[in-house]
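Reader: I've never read a protein model before. Can you walk me through one?

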Amino acid sequence: MTTTAQSPNGRRLTARGLKTRARIVEAAADLMFVQGVGATTLDDVLAASGASKSQLYQHFDGKDALVRAVIDHVGERIIRRERDALGHVSTIRGLYRWRDATVQRNALRDGAYGCALGSLASEVSDHDAAAREALARLFGEWQELLAAVLRRVQEAGTLPADASVDQLATGLMGALQGGYMLAQTARDVTPMATSLDMALAYIESRTIS
């Protein structure tokens, strides 16, 4: 996924302009992750990024445009991380290792803040159709990475041919996102670990012994 190298007026950005834009988006992403989209003002972003108001509006028409750029930025980072983590997994044991790493990473913050994409989705999906579509596409990419793992497990003969890897991947994604939310509210990753364990145990129950 690439972000357009153009300003709102359609002019191509210089290397300096691209760095400024990236700095603004990174600052906005950090703020929105910690304090939420609604609570993050453009003044907050300006203070955190060190950019001027004229620089911000050179790159973004307003907050909605900035939020969409944050979604692209966060999504690209998460999909790259998950692709690295899942790209070579082809066993149920490998999925459990992915589960362990995912829970451990979230435990570093005691489950606080939840999933960066999930948090964005809960705040913007109902009032910004373009943002919702971008989020749906990103969640689809993430789920497809899980489905690809299950497809490889199936091709190895561990899952039966009639098992629906797409449905199993949907259930696993639901357990992951629900786990993020439960961990966030409890400030404890135990519910997340349990949710993923239940989903993986069901998948494992479908395997051919």
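Author: Take D128: leaving aside neighbours within four places in sequence, D128 is in contact with D64 and R68. Before going on, note that this is a predicted model, where local features need pLDDT of at least 70 and side-chain atom pairs count only at pLDDT 80 or more, while totals for chains, interfaces and linings use all residues. Residues are numbered from 1 along each chain as its sequence is written, and side-chain values use heavy atoms, with hydrogens and water left out.

Reader: Where does D128 sit, and is D128 buried or exposed?

Author: Buried means under 20% relative accessible area, exposed means over 50%, and partly exposed is in between (1.4 Å probe, protein chains only). D128 has 5% relative accessibility, so it counts as buried. Its place is in the loop between α6 and α7. The C-alpha atoms of D128 and G118, ten residues apart along the chain, are 15 Å from each other.

Reader: How many helices and strands are there?

Author: Both are DSSP runs numbered from the N terminus: helices are H or I with at least four residues, strands are E with at least two. This chain has nine helices and zero strands.

Reader: How do I check the length of a helix like α4?

Author: The expected span is 1.5 Å times one less than the number of residues. For the 24 residues of α4 that gives 34 Å, and the end C-alpha atoms are 34 Å apart, which agrees.

Reader: Which residues of α4 are buried, and what covers them?

Author: An α-helix has 3.6 residues a turn, so residues three or four places apart point the same way. In α4, the buried residues include L66, V67, V70, I71, V74 and I78. Their cover includes α1, α2, α5, α6 and α7.

Reader: What about the nonpolar core?

Author: That's a set of buried Ala, Val, Leu, Ile, Met, Phe, Trp, Tyr and Cys residues joined through side-chain atoms within 4.5 Å. The largest one here has 63 residues, and I71, L95, L117, W142 and L172 have the most contacts inside it. Its largest share, twelve residues, comes from α7. As for L172, not counting residues up to four places away in sequence, this residue touches L95, W98, L146, L196, A199, L200 and I203.

Reader: And how much of the whole chain is buried?

Author: Buried residues make up 44% of the 209 residues.

Key:
Contact means heavy atoms within 4.5 Å.
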